[in-house]
Amino acid sequence: MNAKHRTDASNDELASGLRRLGAMDPGPDFAARVMDRIGAAAPLPGPKRRMARVIGWLTEPRTIRVSPLGGLAAAACLLLALGLFFTINPGTGSGRTPAGLSPVTFVLAAPSAREVAVIGSFNGWKTAGWTMRNDPATGLWTLTTALPPGSHEYVFLVDGTTPVTDAAAALSVDDGFGSRNSVLLVKNGDGAAL
């Protein structure tokens, strides 16, 4: 049996089925039954607005497959972007200090601490971006940054809860809550700090 004969047989079978269907009596209440079933079904969702569709597309979890070569290309692009960022913003890690700021290194000996951040008047007393690096061999926590000239109050925040004054600071002031803040004086221009 070739393809033409199979097509003809399928067409004949379909025509026969349609003729049998036409001879069936759906009953006098056919339209009412159809309308009842349509009315019982959940309403169809309305058209989504464009922004809702975009948000839905952005928040919908999906699997992204990347070939090893594509992963290498993405990593190269990321490294290039980081290199451009540090070239444009030299004070954020390239070792050069931005104009008008002086380099400052904070150091705290806290070998049993899990995390230490420096908070002060120069960062709004917030820890984000001011976490210090730990040297497990020495137990020293350090952070090097650049600050503008002037007087800066600060403390070390150990394990996110315990404020600790800098024992190496020459000055401290009352914080107004019964404790003390260390004071750092940054000189103008030559990068020196007291």
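Strand β1 is joined to strand β4 (residues 140–147) by 8 bridges, and the two run antiparallel; strands are DSSP runs of E of at least two residues, helices are DSSP runs of H or I of at least four residues, and both are numbered from the N terminus. Two strands are taken to pair if DSSP finds at least two bridges between them. The model described here is predicted, so local features need pLDDT of at least 70 and side-chain atom pairs count only at pLDDT 80 or more, while totals for chains, interfaces and linings use all residues. Residues are numbered from 1 along each chain as its sequence is written, and side-chain values use heavy atoms, with hydrogens and water left out.

The pairing of β1 with β4 can be followed residue by residue. Phenylalanine 106, for example, stands opposite leucine 143 in β4. An open sheet of 3 strands has the order β1-β4-β3, with antiparallel pairing. Its edge strands are β1 (102–109) and β3 (133–135), each of which pairs on one side only. On average, neighbouring strands of this sheet are turned by 30° against each other, direction ignored; the axes behind such angles are lines fitted to C-alpha atoms, for helices over the stretch in contact, and angles run from 0 to 180 degrees between N-to-C directions.

The chain has 4 helices and 8 strands, and its pattern along the sequence reads α-α-α-α-β-β-β-β-β-β-β-β. Of the 194 residues in the chain, 17% are buried; buried means under 20% relative accessible area, exposed over 50%, and partly exposed in between, with a 1.4 Å probe and protein chains only.

Another antiparallel pairing is that of strand β7 (residues 171–174) with strand β8 (residues 180–186), over 4 bridges. Here serine 172 has serine 182 in β8 as its bridge partner. β7 and β8 form a hairpin with 5 residues between them, and glycine 176 in the turn has a positive phi of about 85°.

Aromatic side chains come next. Rings of Phe, Tyr and Trp (its six-membered ring) pair if their centres lie within 6.5 Å, with planes under 30 degrees apart counted as stacked, over 60 as edge-to-face and the rest as tilted. By this rule there are 5 aromatic pairs. One of them is the edge-to-face pair of phenylalanine 106 and phenylalanine 156, at 6.5 Å centre to centre and 85° between the planes. Phenylalanine 106 lies in strand β1 and phenylalanine 156 in strand β5 (residues 150–158), so this pair ties together parts that are 50 residues apart in sequence. Phenylalanine 106 counts as buried because its relative accessibility is 2%, and phenylalanine 156 counts as buried at 0%. Phenylalanine 122 and tryptophan 130 form a tilted pair, 5.2 Å centre to centre with 50° between the planes. Phenylalanine 122 is buried at 17% relative accessibility, and tryptophan 130 is buried at 16%. Ring pairs link Phe106, Phe122, Trp130, Tyr154 and Phe156 into a cluster.

Charged side chains also meet in this model. A salt bridge is a side-chain nitrogen of Lys or Arg within 4 Å of a carboxyl oxygen of Asp or Glu, and a search of the whole structure finds 4 of them. Lysine 4 forms a salt bridge with aspartate 8, with the closest N and O atoms 3.3 Å apart. Because lysine 4 and aspartate 8 are 4 residues apart in helix α1 (residues 3–23), about one helical turn separates them. Lysine 4 is exposed at 57% relative accessibility, whereas aspartate 8 is partly exposed at 34%. Arginine 33 and aspartate 29 are also joined by a salt bridge (3.4 Å, N to O); arginine 33 is partly exposed at 40%, and aspartate 29 is partly exposed at 38%. In the salt bridge of glutamate 60 with arginine 62, the closest N and O atoms are 3.6 Å apart.

The surface also has a nonpolar side. Met51, Val54, Ile55, Trp57 and Leu58 make a nonpolar surface patch of about 550 Å². Patches are made of residues with over 30% relative accessible area and no salt bridge, like charges being joined within 9 Å and nonpolar side chains (Val, Leu, Ile, Met, Phe, Trp, Tyr) within 5 Å. Leucine 58 sits in helix α3 (residues 50–59) and counts as exposed at 57% relative accessibility.

How values were computed: Accessible areas come from the Shrake-Rupley method with a 1.4 Å probe; for residues, only the protein chains shown count as cover.
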